[in-house]
Amino acid sequence: MSKTVSEAQLKSYYEVAVDLVKKCGPLMLEGYQKGQTDFKVKADFYDLVTVYDKQIEDKLTKGLLSAFPESLIIGEEESAATKRLPELTDAPTWIIDPIDGTTNFIRRIPHCCISVGLAINKELVVGVVYNPPADELFTAWKGHGAFLNGQPINVSKVSKINQAVIAYEISLIHAPSVRDKNIKRIYKLASNATGTRCFGSAALTLCYVATGQVDVYHIEDLKPWDLAGGAVILREAGGVVCHTNGGEFDIMKPNCVCTSTKELSKEVISLIDEANQIMEYTFK
Ligand code: IPD
Ligand code: CA
Ligand code: CA
């Protein structure tokens, strides 16, 4: 049964999460500055993990559960260890990606972050995304706006794809089951946009839409922890986060179109439809 949550309670979830994520910053920075050579391969050759992923998730999990014993955790490394994705319930649930952009972290490319989102009654209400190498802390809680290092942030006003800078994860073509669809969509979207960028961190890319640096991000086949924190930040910055079919975004199956404006999401969705209808393509 869903319970209502007071503003004071929500504020306390937000403040504790921000504080804890900040406290994990030095640990992440230590690993980033050292450069990681002893990473391990998880599910496939391109799915990497370091000791820092596990250490940061443990630190966050302990801290959040000790402050809020009634809450639940969905964390990337715990889910990988148990090979189980917990079901999302109405209970307050922290959705944690200890390092989003692990490949960037290993390579010392400064697009990597800690991401924490909180869902209550299955609704995302708190988001914290922290990139220690760039000293960028993005935060938001429902109804109170989004912030970068304490300063309010807002999406751009861009409403047409031919004036938009878009982001797309090229590495999604790794998996044969989704390769074709991504090639067709990259072709359609990138050939219509002003520019296309690939950052290698889904959580940070949502934040870049939130700041107006980028106007569009379309992504499918990722996991709840890749998007939970950033989705709150983007919505609180005034952006749109919806399902690829234009319907409601589902954090447990987070296929989405994320844009600065409604007009832009409509245009992106219709280009994705056109891309899906391409039967054959050739590289010329
Ligand atoms: C990855 C990042 C990346 C996306 C990958 C994710 P990780 O997360 O979000 O942007 O393209 O598919 O797995 O593994 O660095 O936490
Ligand atoms: Ca991730
Ligand atoms: Ca990760």
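Axes are lines fitted to C-alpha atoms, for helices over the stretch in contact, and angles run from 0 to 180 degrees between N-to-C directions. The model is predicted, local features need pLDDT of at least 70, side-chain atom pairs count only at pLDDT 80 or more, and totals for chains, interfaces and linings use all residues. Residues are numbered from 1 along each chain as its sequence is written, chains are lettered from A and ligands numbered from 1 in the order in which they are written, and side-chain values use heavy atoms, with hydrogens and water left out.

**View 1. Packing of helix α1 against helix α2.** Helix α1 covers residues 7-34 and helix α2 residues 51-67; their axes lie 10 Å apart at an angle of about 165°. The two helices are therefore roughly antiparallel (angles over 145 degrees; under 35 is roughly parallel, 65 to 115 roughly perpendicular and the rest oblique). Their crossing is right-handed. On the α1 side, the contact (heavy atoms within 4.5 Å) is made by V16, A17, L20, V21, K23, C24, L27, M28, E30, G31 and K34. From α2 it takes in Y52, Q55, I56, K59, L60, G63, L64 and A67. The residues of this contact comprise 12 nonpolar, 3 polar and 4 charged.

**View 2. The aromatic pair Y13 and F68.** The rings of Y13 and F68 form a tilted pair, 4.5 Å centre to centre with 50° between the planes (ring centres within 6.5 Å; planes under 30 degrees apart are stacked, over 60 edge-to-face and the rest tilted). Y13 belongs to helix α1 and F68 to the loop between α2 and β3 (72-75), so the pair ties together parts 55 residues apart in sequence. Both residues are buried (under 20% relative accessible area, with a 1.4 Å probe and protein chains only; exposed is over 50% and partly exposed in between). Ring pairs join Y13, F68 and W94 in a cluster.

**View 3. The aromatic pair F199 and Y208.** F199 and Y208 pair edge-to-face, with 4.8 Å centre to centre and 70° between the planes. F199 counts as buried at 17% relative accessibility, and Y208 counts as buried at 5%. In the whole structure, a search finds 7 aromatic pairs.

**View 4. Packing of helix α5 against helix α8.** Helix α5 (residues 176-192) packs on helix α8 (residues 262-276) at an angle of about 135°, with axes 8 Å apart. This angle makes α5 oblique to α8. The contact involves K184, R185, K188, L189 and N192 of α5, together with V268, L271, I272, E274, A275 and N276 of α8. Its residues divide into 5 nonpolar, 2 polar and 4 charged.

Terms used:
Helix = DSSP H or I, 4+ residues; strand = E, 2+ residues; numbered from the N terminus. Left-handed = near helix turned anticlockwise from the far one by under 90°. Nonpolar A, V, L, I, M, F, W, Y, C, P; charged D, E, K, R; others polar. Phe/Tyr/Trp six-rings, centres within 6.5 Å; stacked < 30°, edge-to-face > 60°.
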